[in-house]
Structure formats: C-alpha cells, structure tokens
Amino acid sequence: MEILFPYSESIIPLDNSCIVDFLSTSASTFVDYSFLSAKDVENLRMSLSSIRCSNSDRPAPLLQLMQQQDLEYLYVLMARYGFRRLTSNIFRYSMRPYIQKIILSLSHWGKHLIPATERAFNRTFHLYEGEKCEGRALYSSILVYLAKSIDLTCKNLWAADAACSLYFPHAMASENEKDLEIDRKIAVSLGFEGLCCDPIPALSDKKIATLVGSSLSEIFEIIMEISLQMNLKGHLEHFTNFTVLYDLIKLEAQKLQHMHHLQGEHLVAWDIQRILFLSSLGSIDSKLKKLEAIFSSLLKEHQSKQLPKGPYYRRKDIERKITSQLISGGISAKKADLAINDLIEYMQKNLLGPKDIIVSELNKINNHLSTKALDLLQYFSEDESLVKAPTREKESVLKRVNQLSQSFSEHIGTAGKLLLLIFLFVVPSACGFKTNPKNMVQDFRPKVPGNTPIFYKNSPLPQDPLADKTADEKVSSENDIKASTQVQKNEIE
C-alpha cells in the first residue's frame, strides 16, 4: 500500500523518534534475555539507518516505511505480541505525552482564572436566554464554574493517561514467568506502570480515545457557552475571532471521539489512523494558548461593557421575585404574572424607570399590584452589583477558589515533572538516525530531531534532576509521582 500523507507532517520526525525508541528498547531487552542475538539488533540498526537515508527529502511515517520494506524486526514483534497488542502498545506509548501537554496547558488556563475570579468578586454576570436577560450571578461564580470544569477535564485526562500507562504483554500460549519478566522489563524501560489485562486491546484503546475526545469536547462547549453569554450583553470585538478558533479546536476534539475499530491486520491503515489521532491532539494543544488569550480579551471587554441604555432594563429574575411576593399575598400565579407584565409594559411605553412610578398609579396599571411589589422593583433595580449577595454564596466561592488553586498546582506539578523526565531522558538536538554508535549492541538508538521529545524512558539519566536534593527529598519526589499515577488508575477503573 502506498504511503499517504493525510495529516500534518510536522509531527512525523518526532513520532519516528518515538517509534525507534520503542523498537530499540524492546530489542535491547530481548538481547539481555537471549531472545534475540546481537546480530539481529545490528540488522535492525542498519535497516533503520537505511530507511532514514532513503527518505531524507520528505519525512514519512517510520512504521509504514518498515512495512513497505518488509523489515524483519516487525515479524519478530508480531510473532510475540500479535497485531492488536503490539499496535495498542505503540498507540499508548506515543499518545501519553500529548495528553500530559494538554493537561499542562489547561491547568495553566485554570490557574490564570483564579486571580481573575478574585478581581471580579462583587461584579455581576447577566445570564441570557435568547436576547432576554433571565437573571444574574456573581461574576466570580461563573469563573469558578469554568475553572472547576477545567479541573474536571484534567482529572478525566489523567484517568486516560493512567489507562495508557499499562502495557499489553505477549500473546503466546502457555506463558511462563520468563516471558512475563521480559514484558515487565520492556514496560518499565519504556515508562509504563504495569501490564494490562484487558481481553480486547482495540476496544480498550477506543475507550481511551473516546474519554479524551468527549472530555475535551465538553470543556470547549462550556467555554463557548460562557463566551456567548458575554457577547449577548453587547457585541464584543474579539468574539468573531474566538468563534473561528473554537470551531477549529472543537472539530479536532470531535475527531478524537470517532476512532474507528479497523478490521483486519493492516499496519499501514492502522498507523495512518494513529497519526491522525496524534495530529488532532497536537493541534488542540497548539491552539489552547491562543484560545485562552482571546477568551481573556473577551473577559476584559465584557467587564467594560455597560448595560443597554433605556428607562428600564428588563430582567426576568426580578419579575419572578415580585411575582412570588404577590403569590404569597394570596393572588393566583396567573394573575400575579399578568400584573407584573402590565407594570413592565407601562414603564416601557411611557419611558419610565422604577423610581418614576408612584404608588397612586399602581391601581390604574393593575389592581393586583401592591406597594410592596413596587418597593421590591425599586430595590433590585437601583444597584446592579451583587454586593448584597448572600454571604453564604461568597464564602462558597472563596472556598472553591482555594481548592481549585491547589488542584491546578498539583496538575501542573505532576505533568511538569513527567514532561521534564522526557526532556532529560532523550537527547533532542540531533537531526537523524545514529549510524555509528560506540557500542552497537547497547546503544543503537537515534538522536531525535526537534525541540519537544514525546516519549518516555526510565534508562539512566545523563544528568540526575534530583542530584542536588537530599535522600529524603528524592524519595518524597518519586513517591509524589507514583501516588498521583495510582490515584489516576483508580479513577478510570
């Protein structure tokens, strides 16, 4: 099958490095356990170097090139794992760093919302249904709701990451402890947390993909709804740019939810699907910062907008309050609702505000209106701020703000540590496959191109990031990462 390019080629060099790392790690372990000979490993190295040289003009997906050239090592892996388990392990290995980068980006967004929430504590956010103002809420409550939704999305993505951290063992009959030991060694070397026992790998992968896609789609819908609400107060200058970017990023999130279960063992077709999936994840991450920046501009513009000019700005929540007061005074709900409508229409027709109405006019407008109803209208209309909001609501907002701030710090700390390990375990400055390693058996992996490596290694570090810490601090840092990963595993289970 001819190699196709229905995806962004920018991710191919890094993905190829990921694939080489996956292959070379397994090959090194096989040599250690006498499953392969040093000659077989050298043949793999030479084959990879040959592929790179023959494809120097235009980067192409490595797995597809290997299939096209009928590389022997693919048969070795297929013989041990079978098609589904092998491809699932590659899929999970290549996807985790993208998920963690998105978690990091979302967590920074949520963290930035905290000071914005505090600055807007006593401001009012008007809520619309169509073009009618249905009510108002604390501005800080709206921002806390958004931050809480972002936090929930991060937790869902951590759950997906935890599922990706499990490695499928071999698919051979009559397994023995040595076979499992080899798989455990490969899994640990690649940064997996353990072995996966799911009976159907393809369905397991689809579940992960659906969780990632649905979680991202939901948070983008929430962000868009809040932006729509802001735009209804008055047309915002940056709203058009926001909707265009939103449409693009939402489309990528929807793609993630529709990962098809391909029938048959067709490596090229499967690999195209995998890279399309990674392309969508990479596209979402690259657009998140821009989306956050435009959203921040919308917030500033929205907060500077004044309410529509006129004798009275109609709000349904005030009308419902006065209607309820009339009902409690013994008037039927239908008559109370009609009385309030008559009052509002009278004010609009005569260009009057609540303070312009005098008590003697009430019976002329509707004989069910009372002095208390007018007092309520004037009271709620004189101050558009929510300074009078219940203390209980403000205390609840402050409590949630503190909790969310801590949660985002934890997300950023965990994702930051894991991504830092990726940078430290891989040399990202080179531009091709290693063709003359000093030790061809122990170190035949390529140096990787680009600025952002996207895969894991638990091999010895060239420079220990915990070198300056005490023994207790090292243990504490390692335990933090293990504990966080275990929590995320428990959530998806």
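Serine 34 lies in the loop that joins helix 1 to helix 2 (38–54), where helices (H or I, at least four residues) and strands (E, at least two) are DSSP runs numbered from the N terminus. The model is predicted, and local features need pLDDT of at least 70, side-chain atom pairs count only at pLDDT 80 or more, and totals for chains, interfaces and linings use all residues. Residues are numbered from 1 along each chain as its sequence is written, and side-chain values use heavy atoms, with hydrogens and water left out.

Although serine 34 is not a glycine, its phi is positive, at about 60°. The residue is exposed, with a relative accessible area of 63%; here buried means under 20% relative accessible area, exposed over 50%, and partly exposed in between (1.4 Å probe, protein chains only). Aspartate 70 is likewise not a glycine and has a positive phi of about 55°. Its place is the loop between helix 3 (62–68) and helix 4 (72–119), and aspartate 70 is partly exposed, at a relative accessible area of 46%.

Threonine 29 belongs to helix 1 (residues 12–32). This residue is buried, its relative accessible area being 3%. When neighbours within four places in sequence are set aside, threonine 29 is in contact with Ile182, Lys185 and Ile186, contact meaning heavy atoms within 4.5 Å.

The description now turns to the hairpin. Strand 1 (residues 124–129) and strand 2 pair in the antiparallel sense over 6 bridges; two strands are said to pair if DSSP finds at least two bridges between them. Histidine 126 has arginine 136 of strand 2 as its bridge partner. There are 2 residues between the strands of this hairpin, and glycine 130 takes a positive phi near 70°. Of the 7 residues of strand 2 (residues 132–138), 5 are buried, so the strand is largely enclosed by the rest of the structure.

It remains to consider confidence. The mean pLDDT of the protein is 80, and 77% of its residues reach 70 or more; pLDDT is the predictor's confidence in each residue, from 0 to 100. Where pLDDT is low, the predicted coordinates should not be read in detail.
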